[in-house]
Amino acid sequence: MNIAQSFLGWLKDEDMVVAGAEVSFNGSVVCYTHIDDGTEYPSPWTIWTDGDYSIEPTGFPISDKAKEIAWANVNKCSDCGAGCAPGTDKAIFGREFMGVCGASMAFYKPEGDTLEAVKTLLNMRKHAIIKRV
């Protein structure tokens, strides 16, 4: 659980507000998290992205490695009851995916390069929120 706790600290250091499962910045949702001591998915921890990841935003370049990690973690709709079933077709960094959940990407127990990519994606979301304000 140390990686998850460290991640929560990183969110706070980045001025993101953690309120239960929701993580926000300037009042806009950045992502959702699930962190507990359970043993079955989504436990012990999962991060779901929120926002538009269809293209690389101007002024915030995303590495090819981060894009590959994002594509590998596209969240296919599983009719979980969140209201997005049967999913939608979405572009993620220019690549088309079918049947995607409302939370476009899900990162289960991220660590190493995957966790660094998640941090980049969340900072990208912050950048979009700042530009919109």
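Trainee: What should I know about the model before we start?
Mentor: Residues are numbered from 1 along each chain as its sequence is written, and side-chain values use heavy atoms, with hydrogens and water left out. The model is predicted, with local features needing pLDDT of at least 70 and side-chain atom pairs counting only at pLDDT 80 or more, while totals for chains, interfaces and linings use all residues.

Trainee: Where is Ser 104 found?
Mentor: Look among the strands, which are DSSP runs of E, at least two residues, numbered from the N terminus (helices are runs of H or I, at least four). Ser 104 belongs to the run covering residues 95-108, and that is strand β7.

Trainee: Is Ser 104 buried or exposed?
Mentor: Buried means under 20% relative accessible area, exposed over 50%, and partly exposed in between, using a 1.4 Å probe and protein chains only. Ser 104 comes out at 4%, so the word for it is buried.

Trainee: Which side chain is joined to that of Ser 104 by a polar contact?
Mentor: A polar contact is a pair of N or O atoms within 3.5 Å; within protein, one must be able to donate a hydrogen and the other to accept it, and residues adjacent in sequence count only if both atoms are side-chain atoms. For Ser 104 the polar contact is 3.0 Å, and the partner is Lys 90.

Trainee: How many salt bridges does the whole structure have?
Mentor: Side chains of opposite charge can pair when their charged atoms come close. Here a salt bridge is a side-chain nitrogen of Lys or Arg within 4 Å of a carboxyl oxygen of Asp or Glu. A search of the whole structure turns up five.

Trainee: Which residue forms a salt bridge with Lys 67, and how far apart in sequence are the parts that the pair ties together?
Mentor: The closest N and O atoms are 2.8 Å apart, and the partner is Glu 56. Lys 67 sits in helix α2 (residues 64-72) and Glu 56 in the loop between β4 (45-49) and α2, so the parts tied together are eleven residues apart in sequence.

Trainee: Which of these counts as buried or partly exposed: Lys 67 and Glu 56?
Mentor: Glu 56 has 33% relative accessibility, so it is partly exposed. Lys 67 has 15%, so it is buried.

Trainee: Which helix holds both Lys 119 and Glu 116?
Mentor: These two form a salt bridge, with their closest N and O atoms 3.6 Å apart. They are three residues apart, about one turn of the helix, and both lie in α3.
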